[in-house]
Amino acid sequence: MKKQRKGTICVQGGWKPGKGEPRQLPVYQSTTFKYETSEQMANLFDLKEAGYFYTRLQNPTNDAVAAKICELEGGAAAMLTSSGQAANFYAIFNICSTGDHFVCASAIYGGTYNLFAVTLKKLGIEVTFVDQDASEEEIARAFKPNTKAVFGESIANPAMKVLDIEKFARLAHNHGVPLIVDNTFPTPINCTPFDWGADIVTHSTTKYMDGHATAVGGAIVDSGNFDWMAPEHAAKFPGLTTPDESYHGLTYATAFGKGAYITKATVQLMRDLGAIQSPQNAFLVNLGLETLHLRMERHCANAQRVAEFLQSRPEVAWVHYPGLTGDKYYDLAAKYMPNGTCGVLTFGLKGGRDKSVAFMDNLRFVSIVTHVADARSCVLHPASHTHRQLSDTQLFEAGVSPDLIRFSVGIEDVDDIIEDLTQAFVTFNR
Ligand code: PLP
């Protein structure tokens with residue numbers, strides 16, 4: 001069948017019911033699956049046949065939703081995880097083990113920063129953070145003989161820096177390793193990193209994909225383009241290119257081709273660590289995905305208006321939104337996300353940190369929540385909240401200034417959002 005457009009995939013992708021089957025994706029609320037013979041089940045355990053046996057590894061509801069996300073990203077294989085954190089952990093841990101190293105853009109979500117800098121360090125995996133806007137020559141200096149991957153966010157949360165995906169893909173490939181891109185903020189509606197050379201994409205589906213703040217979840221998608229078995233790669237990735245003793249000596253890259261990376265993450269990491277998304281949450285994410293294309297358009301249009309409004313206010317010191325002409329990342333956004341970026345923007349008020357915090361308290365329906373990227377407008381002060389554990393130097397590296405307010409512009413009527421901001425400025429100026 002001809003490849004469908006993204007709006008159609010959002011609505012119709014993934015679950016393809018046969019005759020007499022439910023039109024809406026069923027929730028397979030079952031931990032286990034029935035077989036006729038012991039041998040049938042044994043074949044599943046040996047990975048000789050594909051099939052479901054236990055929801056800690058795989059579930060049909062999850063797989064239908066992963067298939068939809070995979071199609072939206074233009075990937076070869078995908079899986080859901082219990083959270084975006086789990087997705088990023090698995091994405092790295094699937095190819096890095098003790099003694100390995102990876103390179104990461106320093107402007108990333110604070111939780112991912114902690115995961116990489118603190119928790120992975122305890123597992124003996126080392127990360128070098130790089131300024132993503134530095135020259136290729138400078139970034140290349142961060143690579144070591146034991147480097148196994150490169151990681152960045154297509155739009156950094158909350159720094160709003162747009163990743164030069166082609167530059168990072170070139171750097172990764174010149175060093176024989178894959179590029180992993182967390183594509184949570186633009187979503188595949190606005191950016192498809194595989195088109196620009198990225199090899200693996202991750203998501204916090206908790207954000208725009210769910211879109212209604214109902215379900216924490218994550219996803220990993222593999223493009224299938226990185227050739228693990230290529231002579232210059234194979235020795236770097238023994239987990240994929242040499243026999244796995246826990247599966248009777250099966251080698252993922254030869255047995256599963258373009259599905260190798262996701263198969264390994266499923267049958268090894270999910271089996272052993274179990275960070276599976278609940279089928280009920282996957283169902284909710286699927287409902288969100290059905291309108292993702294419509295919501296992203298509205299999020300972007302509203303954010304553009306709000307960014308322009310904030311820029312016009314005398315109280316505002318600065319606004320960062322890649323859709324604004326003159327923004328440092330405008331050109332990169334125009335290249336990688338020509339139809340829009342996302343609904344998140346950041347700004348700071350004259351008077352610094354205390355003024356920014358006080359202003360947030362004046363807002364009425366634009367509420368203070370930890371969340372970002374759902375239908376309701378909300379704000380957060382990262383230096384006091386999500387990035388609280390980071391030192392001033394780490395905050396600076398992550399692109400978070402002390403006065404930064406992160407504004408997640410929702411899909412309400414934009415005139416009401418601007419009215420709420422206006423009344424907050426009036427109170428603020430009293
Ligand atoms: N990646 C990005 C870009 C995020 O913004 C977040 C959370 O805010 C995560 C990953 C982690 O996702 P989750 O909260 O679903 O674990």
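Helices (H or I, at least four residues) and strands (E, at least two) are DSSP runs, numbered from the N terminus. This is a predicted model: local features need pLDDT of at least 70, side-chain atom pairs count only at pLDDT 80 or more, and totals for chains, interfaces and linings use all residues. Residues are numbered from 1 along each chain as its sequence is written, and side-chain values use heavy atoms, with hydrogens and water left out.

**Whole protein.** The protein has 17 helices and 12 strands. Its radius of gyration is 22 Å, close to the 22 Å from the globule rule for 430 residues, so the protein is as compact as a globular protein of that length. That radius is taken over C-alpha atoms, and the rule is 2.2 Å times the number of residues to the power 0.38. Along the principal axes, the C-alpha atoms fill a box of roughly 75 × 55 × 40 Å.

**The sheet.** Next, select the seven strands of the open sheet, in the order β1-β7-β6-β5-β4-β2-β3. Pairing is mixed; two strands pair if DSSP finds at least two bridges between them. β1 and β3 are the edge strands, each pairing on one side only. Now show 200-204 and 218-222: these are β6 and β7, antiparallel over five bridges. Pick H203; its bridge partner in β7 is A219.

**Largest pocket.** Select A50, Q58, D63, T263 and T266, which lie nearest the centre of the largest pocket among its 28 lining residues. A pocket, on a 1 Å grid over the protein atoms alone, is an open set of points where a 1.4 Å probe fits, with protein on both sides within 12 Å along at least five of seven lines; lining residues have an atom within 4 Å of a point. The volume is about 540 Å³, counted as the space filled by probe spheres set on the points, which are joined across faces, edges and corners. The lining divides into 20 nonpolar, five polar and three charged residues. Ala, Val, Leu, Ile, Met, Phe, Trp, Tyr, Cys and Pro count as nonpolar, Asp, Glu, Lys and Arg as charged, and the others, Gly among them, as polar.

**Second largest pocket.** Move to K161, F396, E397, G399 and V400, the closest to the centre of the 21 lining residues. About 430 Å³ of space lies here. Highlight α16: with four residues, this helix gives the most to the lining.
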